[in-house]
Amino acid sequence: MNSKDSYQAMLAAVQRFHDKHRLREQGGEDMPYRVALMAEELGEISACVTKGRSGDELAEECADLMILLIGTAIAGDFPLEEAFWKKMKKLESRTSRIVAGRVRVSEFKEN
Ligand SMILES: [Mg+2]
């Protein structure tokens, strides 16, 4: 399975989940609600790190966020996989710097 097949399989699984629970019809695809859900999952990821939880727990919380992200692409009707590769290409051309002791890859626009 290549990465495109894999994304298509994930997208189809998330779409089935949305259909099963009628998320579109019942407010589950409203964007402010989805942003709140993603923030909630990001908090759970943070707790895994700050509370020293296992890698398995961290992976599960990251999967929660990934599922929400894919669902947000469904809700917003945008091509997430295409956006991923477009952005990845941009990132690959960027330089890195050490900022406050840690590596940062950014456009580094000066103020
Ligand atoms: Mg979670």
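Predicted model: local features only at pLDDT ≥ 70, side-chain atom pairs only at ≥ 80, totals over all residues.
Two packed helices are described by the angle between their axes and the distance between the axes. Helix H2 covers residues 31-50 and helix H3 covers residues 55-76; their axes come within 9 Å and cross at roughly 165°. Because angles over 145 degrees count as roughly antiparallel, H2 and H3 are assigned to that class. The crossing of H2 past H3 is left-handed.

On the H2 side, the contact is made by Met 31, Arg 34, Leu 37, Met 38, Glu 41, Leu 42, Glu 44, Ile 45 and Cys 48. The H3 residues that they meet include Leu 58, Cys 62, Leu 65, Leu 69, Thr 72 and Ala 75. By class, 12 residues of this contact are nonpolar, three are polar and six are charged.

Leu 65 lies in H3 and takes part in the contact with H2. Apart from neighbours within four places in sequence, its contacts are Met 38, Glu 41, Leu 42 and Ile 45. Leu 65 is partly exposed because 17 C-beta neighbours lie inside 10 Å, whereas a buried residue requires 20 or more. The C-alpha atoms of Leu 65 and Ala 36 are 11 Å apart, at a sequence separation of 29 residues.

Buried residues in H3 are Glu 61, Leu 68, Ile 70 and Gly 71. H3 has 22 residues, which at 1.5 Å a residue should span 32 Å; the distance of 31 Å between its end C-alpha atoms agrees with this. Just after H3, Asp 77 adopts a positive phi of about 55°.

Technical notes: Residues numbered from 1 in each chain as written. Axes fitted to C-alpha atoms, helices over the stretch in contact; angles between N-to-C directions. Helix = DSSP H or I, 4+ residues; strand = E, 2+ residues; numbered from the N terminus. Parallel < 35°, antiparallel > 145°, perpendicular 65-115°, else oblique. Left-handed = near helix turned anticlockwise from the far one by under 90°. Contact = placed C-beta atoms within 7 Å. Nonpolar A, V, L, I, M, F, W, Y, C, P; charged D, E, K, R; others polar. Buried ≥ 20, exposed ≤ 12 C-beta atoms within 10 Å, placed from the backbone. Expected span 1.5 Å × (residues − 1).
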